[in-house]
Amino acid sequence: MTNSQPKKQIILNAFVMNTPGHLAPGLWHHPRNQTSQYKTLSFWTNLAQRLDQAGFHAMFIADTLGPYDLYKGPANVTPALASGAQFPVNDPLYLVPAMAAATRNLIFGVTASVTYEKPYALARRLSTVDHLSQGRLAWNIVTSYLDSAARNHGLKEQIPHDERYAIAHEYMDVVYKLWEGSFRDDAVVEDRERGVYIAADGVTTIDHKGKYFEVPGPHFCEPSPQRTPFLFQAGVSEAGNGFGGKHGEAIFVGGQTPEGVRATVENLRRVAVEEGRDSNHIKIIVGINVIVGVSDEDARAKREEYLSYADQEGALALFGGWTGVDLSGYKDDDDFRFSDSPRVQSIVRRWSATVPGTDNLPWTKRRIVEYLSVGGLGAKVVGSPVTVADELEKWVEISGVDGFNLAHITNPGTFEDIIEYLLPELRRRGLFRSEVSKEGATAREVYIGTKRLPEDHPGSKYKWRAGESSPQYKLKEDKKTEGA
């Protein structure tokens, strides 16, 4: 069947983490892998250049603020150590200026938590990096979910889930005011003849006083190329979807089948519309792991070889962190579909119902380790360029996603295989860009076509435009005060 309509080109992000073992515990010692070099800038700049030259849209750098210490716990980090299973983890933000200097078009998405970062300080750091990357910065907004992170940031226990999102909503109001409302559009004049860098009436305090934050301002950085960095978000709960639909510009989702993910996509776009946003101003990206070779047989052989390096302890440590379930008390051959734990049973029954080829197979520790060791919880595609491209195309058509976060098993390895085998097939089908539309574009321009927040975004109400005596939101608040 032919279709005269041009196909939607997909977004491809490389999904990485500043650690030796991101989503492949134990694979750090695979002969092809060099993730143990994560501590060196050359490891990152070399990867960034390969991705940039290949046409990838972004490098998305995940992060976590505490170890996965539930398995064989409590507070036991030992199972994660040998495999490097997201332990240790370095801060991702410091990588970006060096990688930006070594590339021209690649976008850099960096994870930072609104639960443990103060808004004034984080706004300053993100503005600094948006300047140094010439606007190629995206911020992945997270509320954090690990008990270990809460304890190490001075809390007895985690802040309740929905309250974390309530904090996050106010947090965004604060940073929007700092980024969009502290400096008038024409505030920075750089007038050498008069010796005036910033106009005297071009900067204002934000005077934020809320339930969770009191920030007088003003912002301590002059406006960066995007002012507000492009906003990534990855919440999966009802509260997370509500937050993402309101604030997110690229939203990351997970799932095993395109049919299952479609409901999430539709819900996010519905929330965006209810918030007064254009649903085309959010791009929805699904996490997926690709193992591609010259043929289906070659790809399957790669997967089997990868599994020979997998680390059971590391995989089960990740499972504990992601699910809150410690499997150490179960026998190796227990079938968790029939577990006495409703939570474990729910997880594996969902996998059994959605992971291709496993509907009638027992889910034991061995199968969980095998499943998690080649790409974590995300969907997996193994095969030739044609097989993988067919699957990605099906995901786009059925689920309505705009692109994919492609995780790696080995690095180097996975991304090089994708570049060599998969990208030519995607380009042949018209599914992936052959060249960038604008050299050196900002992150927001690449994803949605505008340099600054679009007018339908909630952060835009805080903009202080040239010709205005004060940001409009402040004038409205002043009127409310006068009428009180």
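Reply: Leaving out residues up to four places away in sequence, Gly383 touches Ile291, Val292, Gly293, Ser295, Asp296, Ala299 and Val388. The model is a predicted one. Gly383 belongs to strand β12, which covers residues 379-383. Its relative accessible area is 0%, and because buried means under 20%, Gly383 counts as buried. For scale, Gly383 and Arg50 are 333 residues apart in sequence, and their C-alpha atoms are 22 Å apart in space.

Ser83 can be described in the same terms. Ser83 sits in the loop between α2 (78-81) and α3 (96-101). Its relative accessibility is 1%, so Ser83 is buried.

Helix α10 (residues 312-323) packs against helix α12 (residues 365-372) with the axes 9 Å apart and at an angle of about 85°. The two helices, α10 and α12, are therefore roughly perpendicular to each other. On the α10 side the contact is made by Gln312, Ala315, Leu316, Phe319 and Trp322, and on the α12 side by Lys365, Ile368, Val369 and Leu372. Sorted by class, the residues in the contact of α10 with α12 are seven nonpolar, one polar and one charged.

The crossing of α7 past α8 is right-handed. From α7 the contact takes in Asn241, Gly242, Gly245 and Lys246, and from α8 it takes in Thr264, Asn267, Leu268, Val271 and Ala272. By class, the contact of α7 with α8 has three nonpolar, five polar and one charged residues.

On the aromatic side, the structure holds 18 aromatic pairs. One of them joins Phe230 and Tyr447: the ring centres are 4.8 Å apart and the planes lie at 20°, so this pair is stacked. Phe230 is in strand β9 (residues 230-233) and Tyr447 is in helix α15 (residues 443-448), so the pair links distant parts of the chain, 217 residues apart. Both Phe230 and Tyr447 are buried. Trp363 and Tyr371 form an edge-to-face pair, with 5.4 Å centre to centre and 90° between the planes. Trp363 has a relative accessible area of 1% and is therefore buried. Tyr371, at 7% relative accessibility, also counts as buried. Phe230 and Tyr447 return in a cluster linked by ring pairs, together with Phe15, Phe60, Phe232 and Phe252.

The backbone exceptions remain. Most residues other than glycine have a negative phi, and most peptide bonds are trans. Gly73 and Pro74 are joined by a cis peptide bond, with omega about 10°. Pro74 lies in the loop between β2 (58-62) and α2. Another cis peptide bond joins Phe87 and Pro88, with omega about 0°. Pro88 is in the loop between α2 and α3, the loop that also holds Ser83.

Asp207, which is not a glycine, has a positive phi near 50°. Asp207 lies in the loop between β6 (196-198) and β7 (208-209). With a relative accessibility of 44%, Asp207 counts as partly exposed. Arg227 likewise has a positive phi, about 60°, although it is not a glycine. Arg227 is in the loop between β8 (214-215) and β9, and β9 is the strand that holds Phe230. At a relative accessible area of 4%, Arg227 is buried.

Conventions. Residues numbered from 1 in each chain as written. Predicted model: local features only at pLDDT ≥ 70, side-chain atom pairs only at ≥ 80, totals over all residues. Heavy atoms only, no water. Left-handed = near helix turned anticlockwise from the far one by under 90°. Helix = DSSP H or I, 4+ residues; strand = E, 2+ residues; numbered from the N terminus. Contact = heavy atoms within 4.5 Å. Nonpolar A, V, L, I, M, F, W, Y, C, P; charged D, E, K, R; others polar. Phe/Tyr/Trp six-rings, centres within 6.5 Å; stacked < 30°, edge-to-face > 60°. Buried < 20%, exposed > 50% of the residue type's maximum accessible area, 1.4 Å probe, protein only. Axes fitted to C-alpha atoms, helices over the stretch in contact; angles between N-to-C directions. Parallel < 35°, antiparallel > 145°, perpendicular 65-115°, else oblique.
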